[in-house]
Amino acid sequence: MYLLGLATWFVPLGIQMVLFPWLVAVVLHMDAFAVGAAQAALMAPSLLFLPLGGLVADRGNARRLLLRYHLLYAVPPLALALVLWGGGLSYPLLIAYGLIAGSISAFAIPTRDALLPVMAPKGGLPRAVALATALQFGGQLLGIACASTADRFGPLPLLLLHASLLLLGCLAVARLPDPPPHPPAEHPGFWRSVGEGVSVAAKSDQIWPVLLLNLGVGIFYVGPFMAILPLVVRDNYHGSAGELAIVNLAFWAATIVAAVAFAGLARRFTLRGRLISLAVAVGTVVLVAMASLPSFPLFVALNFVWGLGAGITMTQSRTVVQIVAPATHRARLMSLFQLCLGGGGPIGALMTGTLCSIWGLQVAMLLPALAMMLLIGVVLLRSQLWSMRTVE
């Protein structure tokens, strides 16, 4: 039931990943800065609400909370479908949609992550993380495939499918067992509680370098992926929703391949920091290669390679944090992990959208690649990431 609930969340997310930028860039014909700002609006709520979502999950019943988030997340696509049916699509409306949908998602992410160790069999957490990650990417892939039909059928059927799947997920989440109750404790204020999570992460030799690299991934990889790739497809390859879906399919298919592979090999690897370092480094090479604006088939192939690195980074980073984090702070630490990854996204989207509008597509991909190379070097020099071992 946990995995079914996961699928009914991430298939709609995959639809949104293609449909939202398609509405901004192709339907409304907005420029590079506007596309970057819209993607930033979708991801920006993570900066505000992920820590609060983690705190709420650490103190409440994660299953009941997740059920409410499924219900709430179905509302924005239904409202957007109603507006589109009336012919009222506008850029401010899409910004509002992004802010509302992003806010709900920011609460749901750490809540779902807090439930995973409860549902995983004893000693099987690394495999459970890999399977959940594979299903997450698989759901996104299916959603992206559905969204590729936007040119043919329009956005209305996709928005209705989006909402229907989320409501179906309520049935799966409702059948999950309740997690063990939290032990009685005095709860400090919000900022002190968030500070406790940050303190635990900063004191952990294994967690802080992983979080820092994932912050870099959010800023220098997620930003260009969300803001620049739709523009490259539109302006350089003269494509639309179909071509954008192909690029996304290549990336997410590769993440599934990597995640499934590590689901079967989860216990054989202990040098997870080394895997993360190498996988993140792959992205710098891919971005530099994509900046040359090669033929479209090669561009798609580069996104597949980039997706392999992303799959390894996601599974191994989440495994490290899930294993090392104490149960009392797990949701807060997972919210910090998602904050670094997702919260860096709007910063990167706005930054790369601005770079693109000033200096063009190629510079907007080259500069993040160079910045990421520098960050990888600093983290490797200042931490034990290369040699650390993480075992459940």
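Is Ser 277 buried or exposed? Ser 277 is buried, with a relative accessible area of 4% (buried means under 20%, exposed over 50%, with a 1.4 Å probe and protein chains only). This is a predicted model, where local features need pLDDT of at least 70, side-chain atom pairs count only at pLDDT 80 or more, and totals for chains, interfaces and linings use all residues. Residues are numbered from 1 along each chain as its sequence is written, and side-chain values use heavy atoms, leaving out hydrogens and water.

**View 1. Ser 277 and its contacts.** You'll find Ser 277 in helix H14, residues 272-290 (helices are DSSP runs of H or I, at least four residues, numbered from the N terminus). Skip its neighbours within four places in sequence, and Ser 277 touches Leu 380, Leu 385 and Trp 386 (contact means heavy atoms within 4.5 Å).

**View 2. The largest cavity, about 940 Å³.** Of the 44 lining residues, Gln 140, Val 222, Trp 252, Leu 341 and Gly 342 lie nearest the centre. Helix H6 (91-119) gives the largest share, seven residues.

**View 3. The second largest cavity, about 70 Å³.** Its lining includes Met 17, Gln 39, Phe 225 and Asn 248. Helices H1, H11, H12 and H13 each supply at least two lining residues.

Key
On a 1 Å grid over the protein atoms alone, a cavity is a set of points where a 1.4 Å probe fits but cannot get out, and a pocket is an open set with protein on both sides within 12 Å along at least five of seven lines; lining residues have an atom within 4 Å of a point. Grid points are joined across faces, edges and corners, and a volume is the space filled by probe spheres set on the points.
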